[in-house]
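Have the sequence and the viewer open as you read.

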Amino acid sequence: MKLKSIIALSLLASFSYMPVHAQRAADDSIAWKSRMQWFQKAKLGIFIHWGIYAVKGISESWSFYNGQISYKDYMDQAKGFTASKWNPKDWVDLIRESGAQYTVLTTKHHDGMALWNTKAGKLSTVKCTSARRDLITPFVSEVRRQGLKVGLYFSLLDWSNKDYPNFTRTQKRYDNNQDLKRWQKFVDFDFAQLRELNTQYHPDLWWFDGDWEQTAEKWHAPEMIKLLRQTNPDCIVNSRIQGYGDYATPEVGIPVFKPKDPYWELCMTINDSWGYQPKDTLFKTPYELLRVFCDCLSNGGNLLLDIGPREDGTIPQPEVDVLKEFGRWINKHREAVYSTRAGVYSEAFQGYTTLNEKGDILYLYIPYEPHGEVEVNGVMNKIKNVRVVGSNRQLKFNVYNAADWRDVPGNLYIQVPDSVLDPEITVLAVQLDGPVRMYHEKNQSDL
């Protein structure tokens, strides 16, 4: 069996993220925790960036905003956007096979091109592209049919809308602090599109983006949340609405430290691009992405893994391969994925850890060749048994240096033969005699 030998470094997220708003009302706390239950247990979601930018295979919206292509040439891609080979069932079959419990599709990126038949604006795949069809309705229907949760991405800003103040990095239409009436027209437009999506699809999750250009007051963020929950009270909302959401969304890199927010989700690309870009061949391997996933699990978060379909609706094979390998690995280790919570402090084990809901099973994720043995430090509990997740094979272990006359725990050594190793990441389950108790030296911080 050949295992990868790669040193992985946790990097700061390449984009800062807005924490969940600190002023959450006390009487909303119970409702908040209730609606977040499915999200906390889901662990994996699939992000989908699909739009006219896939025609030329260029950066979504940013390519014209940053002057890499003219706005006219960018929008002319609509003629080549066909969705000619798109079958929503194929997409959802793959998403479900990956082990993901929810999916988030772009309804409208910063370019303003809506993927549904919006009545609130002129730009849509129904009115402006060769596809001439609503792409949201059949996708949402299939996701619901297969029992997954529906997430909708929506860009709060719209660089194509003439009532939005910003157009490109160097061009601005007006100052919305001066022309309040024109700004209100755009706010009304945003609310109208959100009202359409919310009433038609009742998404389980709202994934906002683009909030950085305006304040919460300008976006009318509290009123927006109220609008959504009037007809969709259980929907959850990410924090990219100037913090007036339910969970945090670090992007691309793993946070060096566990986020303070109780609920969070890392959004991550498979290569270096969100949408389809054929020149970007720097695809991460399934092993590398599974390490990212285990890192998220160990810190109590979710992974939202992105794919970028071609304009015809087909998904690049390297992305298909990654999702299929995720499915294999998760199906084998599902007890150590769903319903787990953050593990013990990182000094206890050279790898990743989680705990089951009761706290009496410590899961160890081994992303390397252990050369026959792994060590766990700081566990005060008695060890009842150790087994390999996926096969339930019992493993031999020894506890050294334990003594009844002191509170310092011994060192746990587990024998891990090569024959039990997973091709990607091996998972062990350490059964404890009760909820985990970890050793704390004086002045040592808590878990």
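Is C235 buried or exposed? C235 is buried, at a relative accessible area of 1%; buried means under 20%, exposed over 50%, and partly exposed in between, with a 1.4 Å probe and protein chains only. C294 counts as buried too, at 0% relative accessibility.

A word on ground rules: this is a predicted model, where local features need pLDDT of at least 70, side-chain atom pairs count only at pLDDT 80 or more, and totals for chains, interfaces and linings use all residues. Residues are numbered from 1 along each chain as its sequence is written, and side-chain values use heavy atoms, leaving out hydrogens and water.

Now for the disulfides. With a disulfide taken as a pair of cysteine sulfur atoms within 2.5 Å, the count comes to zero.

| Cysteine | Nearest cysteine sulfur | Distance |
|---|---|---|
| C235 | C267 | 19 Å |
| C294 | C296 | 9.2 Å |

On to the sheet. Three strands make up an open, antiparallel sheet, ordered 11-14-13. Strands here are DSSP runs (E, at least two residues), numbered from the N terminus, and two of them pair if DSSP finds at least two bridges between them. Strand 11 (372-376) and strand 13 (397-400) sit at the edges, each pairing on one side only. On average, neighbouring strands are turned by 25° against each other, direction ignored; the axes are lines fitted to C-alpha atoms, and angles run from 0 to 180 degrees between N-to-C directions.

Zooming in, strand 13 and strand 14 (residues 411-416) pair in the antiparallel sense over four bridges. F397 stands opposite I414 in strand 14.
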